[in-house]
Amino acid sequence: MKSLTNYLDLSRQLAVIRERVRETDRSSAALAISSAIVALLVISPMLWLLLRATEVEPSRAYSLIVSGRTAWVTVNSIVLMALVTLFSIVLGVPLAVLTTRTDLPYPRFWTVVAALPLVIPSYIGAIAFVGMFGSGGEVDTLFGTTLPAIDGLSGAIFIITLYTYPYVFLTARAALLSMDSSIVDAARTLNAGPLEAFRRVTFPQIRPGIAAGALLAGLYAISDFGTPAFMGANVFTSRIYWETTGFGREYAALLALQLVAIVAIVLVIEAGIGRDEDATGGGGSGSTVRLGHWKWPAMGFVSLLGALTLVVPVAIFTRWLLYSEGDRIPAYEFQWEFAYNSVHLALIAALVACAFALPVAYYSGRSNSIVSRILERATYVGFAVPGVVIGLALVFMGNRLLPSLYRQGIWLLIFAYVVRFLPQVVGTVRSSVLQVDDKTIEAARTLNAGPLEAFRRVTLPLIMPGVIAGGVLVFLTTMKELPVTLMLRPIGMETLVSIIWNAQDAIAYRYAAIPSLLLIFISGLSMLILLRQEGNDVG
């Protein structure tokens with residue numbers, strides 16, 4: 001009789017285990033299907049762009065691609081990317097060395113100053129410098145043509161470099177902090193001077209970090225829309241926008257595919273960065289280089305960069321706000337409705353992005369399968385592709401499938417924001433999911449809680465900080481997104497970025513002052529959130 005009882009108990013336990021396995025399989029299948037739907041939605045704009053490009057007659061497509069105008073746009077874009085990358089290295093690497101390997105006073109303060117340009121969108125700096133120092137700007141009006149104007153391709157290179165060199169600075173600084181500095185001391189004991197020790201020992205160690213930051217800077221440069229557009233530089237992003245708003249959408253589609261191809265090449269190169277046999281870890285403190293009297297020029301150098309990238313734009317916008325005169329343009333005068341529209345759109349985009357990200361991030365965090373990794377990576381397509389390309393793809397998609405929604409509603413614009421910034425939530429939520437202890441979930445399952453109930457009552461509260469952080473990042477970056485907003489916003493709806501664009505287009509820069517200052521403040525909040533996520537440790 002006792003054996004029969006034990007057998008029945010064992011049978012019941014096996015039945016419970018089988019049921020849990022079936023529930024787990026069903027929940028995994030549901031997560032996989034949900035993640036696949038999200039991934040398909042994210043890549044759908046690019047599929048539509050490819051479809052639209054293939055509808056162009058081959059002979060016409062060939063003539064457009066090999067035309068002199070296309071060659072000029074391609075050369076300008078590559079020159080922009082190459083020179084921004086080079087100058088970012090020239091600025092970023094010395095700054096990284098100064099703040100980690102020398103006795104520069106208050107190194108943490110100067111680290112923050114050097115990283116501050118990431119706070120401001122480059123197009124905000126562009127409109128400030130163009131309005132003040134560009135052709136027809138205030139300085140040009142006062143002093144004539146005696147001073148070189150900051151505009152065109154050279155101006156775009158200058159401005160984008162100012163706001164992208166921190167990528168190189170931060171990655172090179174991280175590499176310097178993590179390398180084994182005892183080998184540098186060993187080189188110094190062999191009578192190698194500071195420059196020779198850097199060239200022969202330090203540089204090979206930090207080369208992967210420098211290259212990673214340089215590629216990020218180059219990718220940003222070739223993807224940036226606002227700065228080249230404000231500067232009048234004829235590159236891929238600005239040309240695609242002007243062709244889209246005119247009558248050259250076929251040409252815009254072909255240009256967009258060429259731009260995507262260049263971005264893909266950059267990303268492939270970036271994927272190989274960091275695999276360097278010369279690089280070693282350690283992070284030893286080592287000795288520092290004494291600057292002596294050079295510490296004053298060094299601090300002046302960092303101060304100058306901080307002034308150019310933050311103080312000068314803020315001062316210019318403040319001057320326009322307080323002292324500029326001219327004919328009133330009532331349509332451009334600041335209204336709180338503009339800020340409300342920006343906040344309203346960004347809030348909806350953040351909520352939708354969180355809803356889209358949850359199944360993808362949870363499935364990726366709980367599963368090590370190839371399918372989960374592919375689906376997660378598919379959601380990063382919108383973040384890798386320039387915003388002007390996403391906007392163009394959804395213009396095609398909206399005109400073909402949802403013409404009324406494209407012209408009147410906000411949902412196509414919201415979808416574009418989600419496609420663009422979904423990885424920000426996926427990344428933070430996935431990190432939170434990976435930190436959840438499996439034993440906690442198993443404990444909930446032993447109390448007869450199903451997969452959904454265990455997720456709702458146990459997992460969701462634990463990962464909610466990651467969900468909130470990702471949603472806030474989406475909210476803040478959506479507020480600053482320029483090309484997608486311009487291309488997809490409903491007729492008659494103005495936001496902070498659209499008013500900045502309109503004021504620049506009408507050369508009425510004073511009307512861009514309040515929206516720009518608000519966006520600088522918003523960008524500062526973005527930096528604070530990122531710093532908090534990294535434990536308040538810049539670099």
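Accessible areas come from the Shrake-Rupley method with a 1.4 Å probe; for residues, only the protein chains shown count as cover. By this method the accessible surface of the chain comes to about 25,800 Å². Carbon and sulfur atoms hold 65% of that surface. The model is predicted: local features need pLDDT of at least 70, side-chain atom pairs count only at pLDDT 80 or more, and totals for chains, interfaces and linings use all residues. Residues are numbered from 1 along each chain as its sequence is written, and side-chain values use heavy atoms, with hydrogens and water left out.

The chain has 24 helices and zero strands. Both are DSSP runs numbered from the N terminus: helices are H or I of at least four residues, strands E of at least two. Of the 539 residues, 49% count as buried. Buried means under 20% relative accessible area, exposed over 50%, and partly exposed in between (1.4 Å probe, protein chains only). Contact means heavy atoms within 4.5 Å. Among contacts with a separation of 6 or more, 83% join residues 24 or more positions apart.

A search of the whole structure finds 14 aromatic pairs. Rings of Phe, Tyr and Trp (its six-membered ring) pair if their centres lie within 6.5 Å; planes under 30 degrees apart count as stacked, over 60 as edge-to-face and the rest as tilted. F225 and Y241 form a tilted pair, with 5.1 Å centre to centre and 55 degrees between the planes. F225 sits in the loop between α9 (194–223) and α10 (226–231). Y241 belongs to helix α11 (residues 236–245), 16 residues away. Both F225 and Y241 are buried. W320 and Y509 form a stacked pair, 5.3 Å centre to centre with 15 degrees between the planes. W320 lies in helix α13 (residues 295–323) and Y509 in the loop between α23 (496–505) and α24 (513–533), so this pair ties together parts 189 residues apart in sequence. W320 is buried at a relative accessible area of 2%, and Y509 is buried at 14%. One aromatic cluster is formed by Y123, F225, F230, Y241, W242 and W501.

T478 lies in helix α21 (residues 451–480). T478 is buried, with a relative accessible area of 3%. A polar atom of its side chain lies 2.7 Å from the backbone oxygen of V474. Leaving aside neighbours within four places in sequence, T478 is in contact with A346, A349, Y417 and F421.

L41 lies in helix α1 (residues 2–54). At 34% relative accessibility, L41 counts as partly exposed.

Definitions and conventions:
Polar contact = N/O pair within 3.5 Å; in protein donor to acceptor, adjacent residues only side chain to side chain.
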